[in-house]
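I set aside some time to go through this model and write down what I looked up. My notes follow in the order I took them.

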Amino acid sequence: MVKSKKYLLHKDSKITILTLLKHFYDEEIFSILIKDFYDEDIDISLAAIKASASIGNEAAVSHLYQIIEKGKIEQKIAAINTLSGIRAPSSVNMLIKYFNLFDDKHIRNEILSAINTIAAANEKVQELNKSILLNPTADDDIKTCAVLGLMESGNLNFLKGILESFSPNIQKATFQRILTLNNQDAEDFINFFKDRIKSFSPYTLGTYLAAFQLKTKNPQQTFIIEQFQHSDNRVFISFLVSLSDLQGKFIHPVRLFRLLLIAPYIDNETEAITGDLLIRIIEQINKSSPHLLNELTVMTQAHLETIYARIRKNYISLKGIRERDRLLKVLFANLLERYADGELIQKVQNYFKSDPFPNPASLISSIRDSLKNAPEEDKNKFEACMPLFTMDSRKDVLTLLNILSSINTKRPYLIRRLNRLIRIAGHIKIRTSIKKILDIFNFAGEERIGFLEETSIVTLSQLLSRTIIEKARAFLSSPFKNNYQLNGYIRGSRFIPPKYLISPLLHLLIVPGVNKGTVELIIDAISSMDLKGIKGPVLNLIKILEAGHITDEQRFKIADIAGNQGDQTVFQPLLDLTTKGKKEVRIAAIRALRSLTIRHTEIPVDILTNRLYILMEDEVKDVQVEGLITLLSLKDDYALQILKDHVHEDPETITAYLIKNLLPVISHDILMILLQLIFSPGRVIQETLRDVIAQLAGGNYAEEIRTALLQYLKNSANKMPTVRQKTPVTEQPALTNESIINHAKLEFKFKRENSQLLTVFFIDIVGYTEKSSSIDMSSIIDLIKNFEEITLPVIKNFKGTLIKKMGDGLLAVFKHPLNAVLASLSIQKKIAEYNEFKLDTERFYARIGLNTGLVIRKDADIYGDVVNVASRMETSANPGDIMLTQSTYEEIKNYIQCTKLGNIQIKGKKDPIPAYSADKVIVDINNLLRKESKTEKTERIQIASDPITKLKESVFAPKYSVPPDLTTGREIAENLEQVFYDLTNAIEEIAKDYHEEYVFKKYLQNRWEQFISGFKSVNV
């Protein structure tokens, strides 16, 4: 019997397969996963355990018990969570036993959580929860879990008598859970604690009030407001957060709207949450009960007018003040009213009542501290008020004290509430409030209340106020007067028909000096507009893609707008950008073209395809990737072949990016490529595959994915994974006879199908022309003979292939750069030894140039830029030198000492390129080759990543020999030996690089050993 060598799945590959299997629920999958529960690698074990958490997977239950009893702590926790996912009622009793068996708090908490998830209403489970809550030494986390379990079972009465003895965290968690319970006893439970709330912490009280508001039939609004007023700010913050965390619809939304409308202002962040909740309620009512919007309108408008009237009364106004001294006094009082508390205001008043004034340093420091979160504009205003602290006129002091006495510390909060009401008026579309909000806007401008100006503009834009539209067009033409107004007009522009404001907005994008935040606002506003039917905007946006002040993130957003809103008229401008400027501009243009082509059938796909194939040879890999994704979206017939190259050859992060972006263009063939990538060793690639393939596992490709995953697991022990094979070379039609539109594609195919990753080796004799003119023909022949006798054997010995002789020079190629450099060093050493005992007329010197990259190999010759650069390196080298490029240096720097020569200018290259001189070997390479590499340790066939593995692959030579003691089948074996050597020679010719050559050769070596083993067993 022939035994095959086993090739094990890469660890991360196996984890990927096990993780993906969780999306399939059947007994075959369950049994496979169970086997890997016991894998010695804990990560594989954990993946199998977690993937088994499917409802009804009873087969895994007994095995999970064993893991809980004997596994490591991570396995125990994973097994407990998996039992929770399986939800088998039969597991409850065993889990209760485990709870009493383990002392570890984390494990006990996970067990209790699992028990309550599976069967919270179970009598034994309820008894366990009660016993935990009555245990004074029980951990808070476990008590919280027990409380939630009892609540899930509906047993709220038990909690009434003991909840007050629990920690604030447990109390808060209790009322947070009440918010989501559909239990008839919830209201009774909440009312039970109404007279006991004094003992609650602020965060518990806030959550309790949220439950009181939503879960009781007729909550007293005054009761809730009083709690907000007489408690610290944390209560209201907790109230808001508890409401924000709730999913789904609010119960009694109008009631909650009324409460939030009059809720206090705390700070900007809290106000944002309040506003978002109000808008959420409006959207809910508009969708399910639009008739209630009238009630919201009446409420909002009434509050808006009342609060504005209160603000205007006795407001410390800056309006009409012309004298600088009085302006400073009013400005100072205005700042104190906005930012200082009552205590600080009292200190200021006492200061100015003193005679003489004490040292103001401490007071000034306190005021500055109160302004620490204020806009820079207000901080600068305060600095302008410094002369007030050194006034010497008693009249001025009395005037200031009179103004300070008008300060109302509640007025700033009223302004913030007014701001909230204006915002809500816009969302409800209260057009009858336009006149009032215009008054507020003018007031805010006169008194320089920036945030109120901004909100008024946005709301008036929502209400389509003709006045504000006219003001917007005028203001955006010279926008640097007021930043608040600028932001307001930009934010409001998304509600105004695009034709009115799109031109000034586009102009703003190219105005120097506009800050990044403003540019972001403009782009977001434009992205929300419908530009279809408006001539010009998208073309102007495309021009902005090249602007230097635009960030890359902004550039890509603009490209999305162009692709989603453009038409066929923007095709050519975008196409032009794909070959211009920085890489981000080219990438943005490609993305826009991709969206545009999907949306418009009129786009000339053949022209775009031609350009994309040109981009496939771009020097920037990211550009190639974006071009490839676009080709795949066009369903180009050759793109799949290119995709195979990229996923095997690109850096791991680029491959992962490519994989993530394949979802919109997924097909059966692309899926097959993704599934083969499961054998990739890259962790980032594996994590990306788990996410991408998981999204496909529940769709049309589910059965294909399931079949492939199972096949990989079954065959992983005795078959090597599919190896990428080079597309067979086919005869190409002459490019000159093809349409110019197809030229780029045909040329790309030709290069791809006839290219290999090689190190090109050029050598020639220095000064050969001069030498040949001064010696006879026989001496010239001897010189060439001696030159070739030294060089050719060395090239062959280091596995190089001679391409051609060129009189006094040679052109050869090597699969591995190190072989090329070692051959070069050996040749230069042998030439030096040859010259040592020769006359000057007999001596010769050589120079060598090396370059590594993709080379077109056709009809026993090589072509391409890599060849040309190698030739230039050789002609730039000094006699006796070996000059190599950056690409060659990167591959050999761990083994060869090199000297950096700096950047050199060579013919045919616009920019100088880095060059190095190879000096000497710095490691024992033979010793390295004897070492076991990472790849060999794991017996995996994969893309080599460490330098030693790369080196060993490049010099690997399979050996096929027939044992002398083989008798039966000897003739067949000897014939096979020749066939295997012929196959090896063929592989050396067609393999794309040394790794691909190694994989094939290793496969042949293994197959040979299997054949010989089989012949020997027959002899026995």
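In which helix is the place of Ser-366? I found Ser-366 in helix H21, which covers residues 361–370. I kept in mind that this is a predicted model.

**Entry on Ser-366.** I checked the accessibility of this residue next. Ser-366 counts as partly exposed because its relative accessibility is 29%, and buried would need under 20%.

I looked at the loop between helix H20 (342–353) and H21, where Pro-356 is found. The peptide bond joining Asp-355 and Pro-356 is cis. I noted its omega as about 5°.

**Entry on the whole chain.** I went on to the overall make-up. How many helices and strands does the protein chain have? I noted 52 helices and eight strands. The radius of gyration is 39 Å, well over the 31 Å that the globule rule gives for 1020 residues, so the chain is more spread out than a compact globule. Along the principal axes, the C-alpha atoms fill a box of roughly 120 × 80 × 65 Å. I noted that 52% of the 1020 residues count as buried. I then looked at contacts with a separation of 6 or more. Residues 24 or more positions apart account for 71% of these.

**Entry on the cores.** I kept one general point in mind here. In soluble globular proteins, nonpolar side chains tend to be buried together. In this model, the largest nonpolar core has 231 residues. Which residues have the most contacts inside it? I listed Leu-21, Tyr-208, Phe-239, Phe-257, Ile-526 and Leu-643. I followed up Phe-257, leaving aside its neighbours within four places in sequence. Its contacts include Leu-278, Ile-281, Ile-282 and Leu-296. Met-299, Thr-300, Ile-424 and Ile-428 are also in contact with Phe-257. I found a second, separate core of 36 residues. Among its members are Ile-763, Ala-820, Ile-896 and Tyr-916.

**Entry on helix H31.** I took helix H31, residues 537–544, and looked up its buried residues. They are Pro-537, Val-538, Leu-541, Ile-542 and Ile-544. Seen down the axis of H31, these fall within an arc of 155°, so they line one face of the helix. Which helices do they pack against? I noted helix H29 (498–510), helix H30 (516–527), helix H32 (552–565) and helix H33 (571–577).

**Entry on Glu-110.** Glu-110 is buried, yet it has no salt bridge. The nearest side chain of opposite charge is that of Lys-50, 11 Å away. I also looked up what Glu-110 touches, not counting residues up to four places away in sequence. Those residues are Ile-77, Ile-80 and Asn-81.

**Entry on positive phi.** I checked two lysines in loops. Lys-429 is found between helix H24 (411–428) and helix H25 (434–446). Its phi is near 65°, a positive value in a residue other than glycine. Lys-635 lies in the loop between helix H36 (621–633) and helix H37 (639–649). Lys-635 has a positive phi of about 60°, although it is not a glycine. Is Lys-635 buried or exposed? I noted Lys-635 as exposed because its relative accessibility is 72%, and the cut-off for exposed is over 50%.

Notes:
Residues numbered from 1 in each chain as written. Predicted model: local features only at pLDDT ≥ 70, side-chain atom pairs only at ≥ 80, totals over all residues. Heavy atoms only, no water. Buried < 20%, exposed > 50% of the residue type's maximum accessible area, 1.4 Å probe, protein only. Lys, Arg positive; Asp, Glu negative; His and termini not counted. Salt bridge = Lys/Arg side-chain N within 4 Å of Asp/Glu carboxyl O. Contact = heavy atoms within 4.5 Å. Helix = DSSP H or I, 4+ residues; strand = E, 2+ residues; numbered from the N terminus. Arc of directions from axis to C-beta. Core = buried A, V, L, I, M, F, W, Y, C linked by side-chain atoms within 4.5 Å. Rg over C-alpha atoms; globule rule 2.2 N^0.38 Å.
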